[in-house]
Amino acid sequence: MKNTRVLTIAGTALAVSLLTLPGCAASEEAAAEPAGSAGAESKGEIAFFTPSSQIDVVAALADGVVEYFEGEGYTVTIQDAGFDAVKQAQQIQQAIDTRSIVGAWIMPVAPETAAQSLAALQAAKIPVVVEGPPMSVGLEGPQPGIAFDEPDFMKYGTMIGDTAAKCAVDGEGREALFLMPPDAAGGTEQVIGAIENSFAAGAPDVPIVATGEAADISSAQTTVSQLLIANPDANVIIAASDETALGAAGAFKAANKTPACIVAGGGGDGAVAAQEAGDITAVVSWDYSSAVDEAGADLIRLISDPTSQGGIIETPVKATGGN
């Protein structure tokens, strides 16, 4: 898409799982091969408890966890809750009861209900990394046996808004549409507020004239097509998911229009491929590679001393592409 500038957001740990749902087929429970399968004995099993392996960025995080711990001599299994908080709690409790794991990594389905599982892990002296800040699971500050991989939603949203504003100004943006998936939660309000504030500050002459919701690419394209009819001067898109961004790109193509900017969210395979092809200009994502290394090292430390306090690791944000 000639002269199109697009920002793609990877959603996070929490924001990722709650702002975006790129399609990614995966089995409900997958076991990683142990490190050193040519004969070395595993140091123990780490379980990664995910809300759903169908979220591309969550699957990517799981891959990073597997790679890190295999490299350290551990076996990793992936436990998929299928967006069911009760199932996730049961999976964790079963791992505790069977003493099958030496450590855990949890992206809670419902953070507000995860406290009981974390207390049970602490009581069993099984250390854990939690995706999210302590307050998201009803805790405050560092905790014994628990490390937190904490996203900075304000920084994330601000980077999205700043990048969108810059491409809107540089690309002669006139009016903006703000798109998001339905039923978003868990840090979403902070992200959206930061996007709106930073975009307004950076591009005061490019107003957001309409908002829309869509759950998939097809419905997003339909929604944006309708919004473009109602707002023919809109040529800037700020989207909070891969689906809404890709749908918007399709709507502009169908209308034979070229957007000044498409600001998207998700960071899944489709968006990354579109960025590489030139349809999407920039990807803003959580830098899981850095976070996994730091949080993984802390989990190994806690395995040797599960009563010591875990760290609070900020998940870095990175941008790929751009103006």
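In the predicted model, the count of salt bridges comes to 4, a salt bridge being a side-chain nitrogen of Lys or Arg within 4 Å of a carboxyl oxygen of Asp or Glu. The model is a prediction in which local features need pLDDT of at least 70 and side-chain atom pairs count only at pLDDT 80 or more, whereas totals for chains, interfaces and linings use all residues. Residues are numbered from 1 along each chain as its sequence is written, and side-chain values use heavy atoms, with hydrogens and water left out.

One of these contacts joins the side chains of Lys155 and Glu314 (2.7 Å, N to O), linking distant parts of the chain, since Lys155 belongs to helix H5 (residues 153–170) and Glu314 to strand S13 (residues 312–315), 159 residues apart. Helices (H or I, at least four residues) and strands (E, at least two) are DSSP runs numbered from the N terminus. Lys155 is partly exposed, at a relative accessible area of 40%, where buried means under 20%, exposed over 50% and partly exposed in between (1.4 Å probe, protein chains only).

Within helix H10, which spans residues 288–304, Asp298 and Arg301 lie 3 residues apart, about one turn of the helix, and their side chains form a salt bridge (2.7 Å, N to O). Asp298 is buried, with a relative accessible area of 12%, whereas Arg301 is partly exposed at 34%.

Strand S8 (residues 175–180) is mostly covered, with 5 of its 6 residues buried. This strand runs parallel to strand S10 (residues 234–239), to which 5 bridges join it, and Leu177 has Ile237 as its bridge partner in S10; strands pair if DSSP finds at least two bridges between them.
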